[in-house]
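Colleague: Could you take me through one part of this model in detail, and then work outwards from there?

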There are 2 protein chains.
Amino acid sequence: MDQARLKGVLAPVITPFQKDLAPDGARFAAHCRWLLDQGAGGLAVFGTTSEANSLSLDERIELFDHLRAAGIPPARLMPGTGCCALTDSVRLTRHVVGASCAGVLMLPPFYYKGVSEDGVFRSFAEIIERVGDPRLRIYLYHIPQMSQVPFTIPLIERLLTAYPGAIAGIKDSSGDPAHLRALLDAFSGSGFDVFPGSEVLLLEGLRHGGAGCITATGNVNPGPIAHLYAHWRSAEADALQAGLDAVRKTIQAFPLIPAIKATIAHATGDAAWSRVRPPLVELDDAQKAQLAAQLRALDFQMPQISSSH
Amino acid sequence: MDQARLKGVLAPVITPFQKDLAPDGARFAAHCRWLLDQGAGGLAVFGTTSEANSLSLDERIELFDHLRAAGIPPARLMPGTGCCALTDSVRLTRHVVGASCAGVLMLPPFYYKGVSEDGVFRSFAEIIERVGDPRLRIYLYHIPQMSQVPFTIPLIERLLTAYPGAIAGIKDSSGDPAHLRALLDAFSGSGFDVFPGSEVLLLEGLRHGGAGCITATGNVNPGPIAHLYAHWRSAEADALQAGLDAVRKTIQAFPLIPAIKATIAHATGDAAWSRVRPPLVELDDAQKAQLAAQLRALDFQMPQISSSH
């Protein structure tokens, strides 16, 4: 445990696109800087919300290198590096670990469904051994609604037994409070960090040993989420959680990733932020107006990212 | 319709691996040659059975180039080129269409679930326009049990209306006879070719205008499947179909891809054929022996691929 562990609120950073849908490194770095300024504990770039699987490996590596060149500290980065192909996961993980990232958030190979736990174990074993870097800290990415391939508690235990130095924690995006609680009961205090995948479970998680949260809406609401993280033992904690829930509920009533991008586009007056890659689709104008009005009604503090454009 | 259309039995060619799990181009080309010699109408390289999504894009391109150099005719090739990332699908499709492949078999982007038909349409529209090659012939790859993203009949109609030259057909791997029949009723005779994804539905398909089949077990049983394709109007057709079904049923009682590879390893006495990339797992020795014994009991003609090793 020589490296500092990531804690608190991590945003799976959205990926802005240029007109031709090429990744927009300058807006990306500006957004990362703003998130850290707002109190984000770390940046889970290349996650689901980042549309990372809609980017080629070269595009991800180029964006990562752009962030590094822009001065975003690797000690605050937890890039997503789990791909369908073993060789892709190895190449991307090796690249970011070589740059001393604090950790990586790793999907299981997600094309084949109904694979055995042996197969998933073998996949992680191959990656860990091929990367072969003692700095590697893997956070398992449990998101069965997308990957369809779960990390069960016995599988996590098997990975921890085989690779205690490399297996560092989990993002639980199941959204199931009972599953989160089972993970916390099994692992909290053991040095295996459990992050719920939404701020809706932030307080519940912290009360049972959670490490924070890694949450899509952290892209637009990082300050108030970080504030609850810092004050979760205070008398206002439940009220703060209720405030976060109201914002989350409003945004996720729309398709989540386009709604987050539309919120930033609205706040900055810069329509470029709205762009998504297929198969996602932008919100239409009526949805955008409705979302903005609903957030205004909540006195939501709009994200003010100073774009370098 | 200036290009000859692929018809008959297509095998989604398995990808052999070397000891370090690198793709084995020499065994791959030898297997492709054997399949064509046995009467396969075409080679659907880089499909689900090929573990294509477990290969990096560079590995797929290198394998493809190896096949071309080995003299496998592009007019018999239907490579899988649908990736999660738009830019990957474009790069791979452009590469194989540039080499004059007869067609491409294209998965929808498969990471995000519950995406809109608009999003899938937009994905194909971007790929077709970016590839920008009049030789492009796309076969839609409907395999909801893996991709979770279906091609509905209205979506197919929308694609055909927008890109009548580029949208050439579908592989229906749903395994649902009613779905196959609905596709055939909607499209057979229109120049949109419907291939069931298993030889179990070959005869049923041919009787209603199907174009053949694209089937995993075509890797080990191509001759008898091609024989039924050639004689489907004969008096023996139902008996031939029953023979194919017995073999298929025997093999798919085991994990399908490892079982196909184990069958070739057994037949050739070359254990290297058994290797799979994680998250798949090889059959264990007991399973291998059981499968071989069951196939022997069916008088199954073991595949005799002359390896150049």
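**A sheet pair and its surroundings**

Modeller: A:H142 stands opposite A:D172 in strand 5 of chain A. Strands here are DSSP runs of E of at least two residues, helices are runs of H or I of at least four, and both are numbered from the N terminus. This is a predicted model, in which local features need pLDDT of at least 70 and side-chain atom pairs count only at pLDDT 80 or more, while totals for chains, interfaces and linings use all residues. Residues are numbered from 1 along each chain as its sequence is written, chains are lettered from A and ligands numbered from 1 in the order in which they are written, and side-chain values use heavy atoms, with hydrogens and water left out.

Now the pair itself. Strand 4 (residues 138-142) and strand 5 (residues 167-172) of chain A run parallel, joined by 5 bridges. Two strands pair if DSSP finds at least two bridges between them. Strands of a sheet pair through backbone hydrogen bonds, either parallel or antiparallel.

Next, the whole sheet. It is open, has 4 strands in the order 3-4-5-6 (chain A), and its pairing is parallel. Strand 3 (104-106) and strand 6 (193-196) of chain A are the edge strands, each pairing on one side only. From one strand to the next, the twist averages 25 degrees. Helix 4 (residues 117-131) of chain A packs on this sheet and touches strand 3, strand 4 and strand 5 of chain A. Contact means heavy atoms within 4.5 Å. The direction of helix 4 makes about 155 degrees with that of strand 4 of chain A. Axes are lines fitted to C-alpha atoms, for helices over the stretch in contact, and angles run from 0 to 180 degrees between N-to-C directions.

Chain A also has an open sheet of 3 strands, in the order 2-1-7, with parallel pairing. Strand 2 (42-43) and strand 7 (212-214) of chain A are at its edges with a single partner strand each, so one side of each has no neighbour in the sheet. Strand 1 (residues 8-11) of chain A pairs with strand 7 in the parallel sense over 3 bridges. There, A:L10 stands opposite A:I214 in strand 7 of chain A. Helix 9 (residues 222-230) of chain A lies across strand 1 and strand 7 of chain A, at about 155 degrees to strand 1.

On to A:R248, which sits in helix 10 (residues 237-252) of chain A. A:R248 has a relative accessible area of 8%, so it is buried. Buried means under 20% relative accessible area, exposed over 50%, and partly exposed in between (1.4 Å probe, protein chains only). The side chains of A:R248 and A:E199 are joined by a polar contact of 3.3 Å. Such a contact is a pair of N or O atoms within 3.5 Å; within protein, one must be able to donate a hydrogen and the other to accept it, and residues adjacent in sequence count only if both atoms are side-chain atoms. With neighbours within four places in sequence left aside, the contacts of A:R248 are A:S198, A:E199, A:V200, A:T215, A:A216, A:T217 and A:L256.

Then a helix pair. Two packed helices are described by the angle between their axes and the distance between the axes. Helix 2 (residues 57-69) and helix 3 (residues 86-98) of chain A pack at about 5 degrees, with axes 11 Å apart. The two helices are therefore roughly parallel to each other (under 35 degrees; over 145 is roughly antiparallel, 65 to 115 roughly perpendicular, the rest oblique). Helix 2 of chain A contributes A:L57, A:D58, A:R60, A:I61, A:F64 and A:D65, and helix 3 of chain A contributes A:D88, A:R91, A:L92, A:H95 and A:V96. These contact residues divide into 5 nonpolar, 1 polar and 5 charged. Ala, Val, Leu, Ile, Met, Phe, Trp, Tyr, Cys and Pro count as nonpolar, Asp, Glu, Lys and Arg as charged, and the others, Gly among them, as polar.

Last, the backbone. Most residues other than glycine have a negative phi, and most peptide bonds are trans. A:P278 and A:P279 are joined by a cis peptide bond, with omega about 20 degrees. A:P279 lies in the loop between helix 11 (256-268) and helix 12 (285-297) of chain A. A:D299, in the segment after helix 12 of chain A, has a positive phi of about 55 degrees although it is not a glycine. A:D299 counts as exposed, at 71% relative accessibility.
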